[in-house]
Each structure stands twice: as C-alpha cells, then as structure tokens.
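Please consult the sequence and the structure shown below while reading.

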Amino acid sequence: MGKERDGLHSRRNSATHDLLLLQRPESSISATTTNVSSFFRATTTPTTVDEESLSKDTSSDFLTSSKVRFASTFHSILESVQPAYFAIVHRLKSRRFGGNNGAIVLLVFFLCLLVLSNSNGYRRAQQQQQQQQQPSLSLPPQYDDDYNSGEARINWGPGVNGRPACNRPSEWCVIRKGWNDLGPGKKARLRAVYYNTHGGSERNMMHVFRHFNHKSLVLDIFSPDQISGYGMTHTYARAVIDSGHVDYICARYDLVILGDTVPHARAVLLSLLEDNPARRCQSARIIVEMTNRFDWDIEPGPDLEEYYRMLQKLVTMSRTIFKGRLLWVANNLADAKYFEFTLNMTVPEVRVLRPLGLSDVYAYPTDLPTPDPNVLAAQWHKSNVYGYLREEENIPMALIPFGHHYGGPQNLLQFKGFIDIPYQYSTIKFYENIAAGVPLLFPTPRFLMELSQAGLHAVFIFNPTILSVFAKNKTSSATQVYNIEWAAYMDFYLPKFKPYIYYFDSYKELHVLSNTTREKLDSKNVRKTGPKFYAELRREIYRGWEEVLLRGYPED
C-alpha cells in the first residue's frame, strides 16, 4: 500500500490551511525592533500578557490603560534619566557645545526616544486587543497553573521529539472561528468543533451549519495537522491523551465532529476506552464522519490490528453505554461499506450523508486555458492518462493543472463538458458538478480497469487488499470482482447518479463524445436536470444532519 499512499492527500493543498497561520509571537516582534526601542524595554509595556487579562479587556479599558501606561512610562523615564541629563547639560554649557541650544537639542532627542518607545508599546497593545477579538480560547481550569508558564512537551516519536503539546491556546495549537449565528445576548444551543484537515470537507460542514442559522449554533475549526501527520499510531495517540490535548478539546465543546481521515482523531477515540472516566473525551456527543478510508495511512502490522480492535469495541459500545453519544457518518456508500467489511461487522448505524454539492463562485483564473464551449475540460491528477488521451488518442481537451483552483463548477459550465477519470471512489467535486449541471464524462468500470492495468492511471482503489475486502464471492478475475461487486459501491456508478453522467467504454466512444456538438453531447439535459435532482437530494441531506447534530438538544 506504500505507493497507494503517495500523493492522494495532496488534495489537501488548500488555501484553507493558510488561515491557520498566526502573527509572529511578540517575542519575535520585540527582537526585531531597533536598539532605541530596547533602551526603554525595562519600563515599557510587557511584550506578552496572560490570557486572563486579555479576556477582561474591553475597548474602553484598552484606551484607558494605554494612557496610564504612557504616563507611567514617561514618569519612570524622567526619573531614570534626570541625573544623567543634568550632568550632560552642565558639561554642554561648559564646553561650548551650543550652550542652552545644545541642552534643548538633547532634551528633544530624549523626548523623541520616549515617543518612539511608547508607540511600539501602543502597537503591541493594539495587537493584543485584536487577539482578544478572536474566538474565546479560555483554558480548562486544571491547566491554567500547569502550562501557562512554559511549553509542556511530550515525546512525539522519531523525528519530531520535543514538539509542543497542543493543550492550550498558542501559535502551535490554533482553534479558528467557523460559524456563529448568535445575536447579542443570545446563548448558544450547541457548541461544536470540526476536527478536520480537508478544505472541501470544511466548506461542506460550514454550509451545514449555515443552513441551521436560526438554531443558535457555534462551530469552530481545529486542524489535527497541528498535532500529527497521517496514520497516527497507538503509542502516539496515547502520548496525545497524556499531554492533555483530548481534554483541552473536549472540555470546550458539546459536540466534536471528527472529519476526513479517522486516524487523525485516534487519540480522541482511544480516550473513550480509558478505565478512568475523567480521562475520556467529555463532549456530550462525538460524530465520526468518514470521507476517506477509515484506516488511511496506518502501517500494516500489529498497530493496524490494534486500531481495528479499538474501532470494533467502539462500534459495540456505541450501541450500549455510548448509544446516542458516539455516532457514525460516511459521505459516500463505499466508505460505509469498507468500514463494515474491514471490521467484519454489520454496522447499520453508519449514516450516509453525502456532500451538499454547494460551492463558492470565484473568477476563472487567467492563467488557465480560455473557456471554450466546443472543448471538453479535464484536470490533471498524478497519472499520465489525460496527456495520453490528448497527445496519443488526439482527443482535444483543456487541461487544468493538478492542484490548480479553477473557480468551481460554474466555470466548468463554460466548456462543453468535464472528463473525470476517478482516482478515488468519492470526490467532493463530483457532487458539486452534478449540483451545478456540469455534463460529466466517466469511463465505465471496465474501461477504468483497463486504463489502470495499462499503467496510464493510478487508481488507488485497485489495491488488491481493498478489492478483496469488497469481494464477498472470491473469484479468480480481478476485473470480474471489480465489475460485479466493487463498482456497486461507487457513487459514480450508482443508479441514482447514472442519469446525470455520460459513460464511455473505449477510446473510440470518447472520440465520438468529444466530436459531438455541445447541444447533442448533453442529450440528457443535465444542465437543467442535475441542479433539480441535487436540490431535492440536498434537502434529504439536511434532514439527516439535523437529526445527527441536534437530536436531544432542547430548543431555545
């Protein structure tokens, strides 16, 4: 599975992660100021303030405190420089350095230093006020005294020893504000955090909460990239629990939604098996939302088996002591079935709640091929298939570079259609394109397998281990296994989506489609029927999320 892992999550190269960047800490700001500023460092405002003082500041307190700091600084400086000043003035008067004029110049010089120093302190105070306007990041009481004075550190494993523990607000442990519909003086009905790294999944969840904007909900965003890479091990997860991270996250929220790669949240899930209830995640509800294989990037061997045993226990416990508290969601049928088949359990509790198919509209980038209603579009992935189709099979197409944003499906509507050759069994853009009415061209399951076996396209889903998971009836032919059993779980080939997709089973059939006029290509009128179909499906998805998120929480 090593090769399979390479590159899939480059889809995470999202501008969303740029939002995780904070301003440089004050210590680094002060370190870059001039020596003139450092002359007064002992008497100016401290470069950092504790979180309690930040939480108590108001805008009026800020202005008042700035004046007090200025007066205090001015008084302190005058007291400290008075003896030296008069000594220098005396020498100036006696040594023909301008007499009284020299003394005046010296006084002006000292006053300039004072103003410069105070302005630096004022800017720092402004930055502190801006930080106060960020989402509340108050600490659980048990950590206030333990960690405010320094960085708690744990052993994170080979290569990253000494990484700071994410158990308090800091530049390495950021919780971002996602959605908040609370009016003045209004109390939150539900405080939730989305524990997720994927930009597309984040946008989808934001749309879910925005739909319930009258329900007094609050959604924050935490990216577990801040605590680990993919494929978290059992030992690593245990260290994260011991560091206080799980308690820090769970103590703040009624609901924790674990999105995208489940192993990223292994510590949160493992905590539920702690013998001591106080060490378990204390959130009232935990939702595991699988948008990728639930065992992604965990190395085969004892650790993977331990991971499977953990989830088998949790599935069983979600029917007993955690019933109604630990819920399972998948955004496509294949992830739900892969979860069942791999754990060798029937898990009807997994609800399939597909992406909403909503997307923001952006301008079409000028560095991409000019939109042409007579040309098909496609986007490179990490394979040669699109280049081969264009150069060797002479199928004209506008190729969008891998990882390049193209402004969403509304911009794809400017082309004749969009060729999509799956590299995974579910992608968010698939649902967005149907919802926008983009005519989609997909290879049939048989032809997709042919492209893979020819070495033209890296299809991660064709790993023999994964195929065997879906093969209830073992057969000698991988193609037969795929066609009869595996493809039945891919949304690209499900009957409910077939009316909105155009399939080709050979290069020749793709040639025919590419040479067809724009009007004839869309013989199913997908540009109109796709949005209507998905609008109804979206209402069904919203109803599912309302039950999962809000069931049991009282109305205001």
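Predicted model: local features only at pLDDT ≥ 70, side-chain atom pairs only at ≥ 80, totals over all residues.

Residues are numbered from 1 along each chain as its sequence is written, and side-chain values use heavy atoms, with hydrogens and water left out.

**The sheet**
- Seven strands form an open sheet with mixed pairing, in the order S1-S3-S2-S4-S5-S6-S7; strands (E, at least two residues) and helices (H or I, at least four) are DSSP runs numbered from the N terminus.
- Strand S1 (175-180) and strand S7 (351-352) are the edge strands, each pairing on one side only; two strands pair if DSSP finds at least two bridges between them.
- Strand S6 (residues 326-330) pairs with S7 in the parallel sense over two bridges, and Ala330 stands opposite Val352 in S7.

**The helix on the sheet**
- Helix H8 (residues 199-211) packs on the sheet, and the strands it touches include S1 and strand S3 (217-222); contact means heavy atoms within 4.5 Å.
- His211 is found in helix H8 and is partly exposed, with a relative accessible area of 36% (buried means under 20%, exposed over 50%, partly exposed in between, with a 1.4 Å probe and protein chains only).
- His211 and Glu546 lie 335 residues apart in sequence and 9.7 Å apart in space, C-alpha to C-alpha.

**Residues with positive phi**
- Ser216, in the loop between H8 and S3, has a positive phi of about 60 degrees although it is not a glycine, and Ser216 is buried at 0% relative accessible area.
- Asn525 also is not a glycine and has a positive phi of about 60 degrees; Asn525 is partly exposed at 35% relative accessibility.

How values were computed: Axes fitted to C-alpha atoms, helices over the stretch in contact; angles between N-to-C directions.
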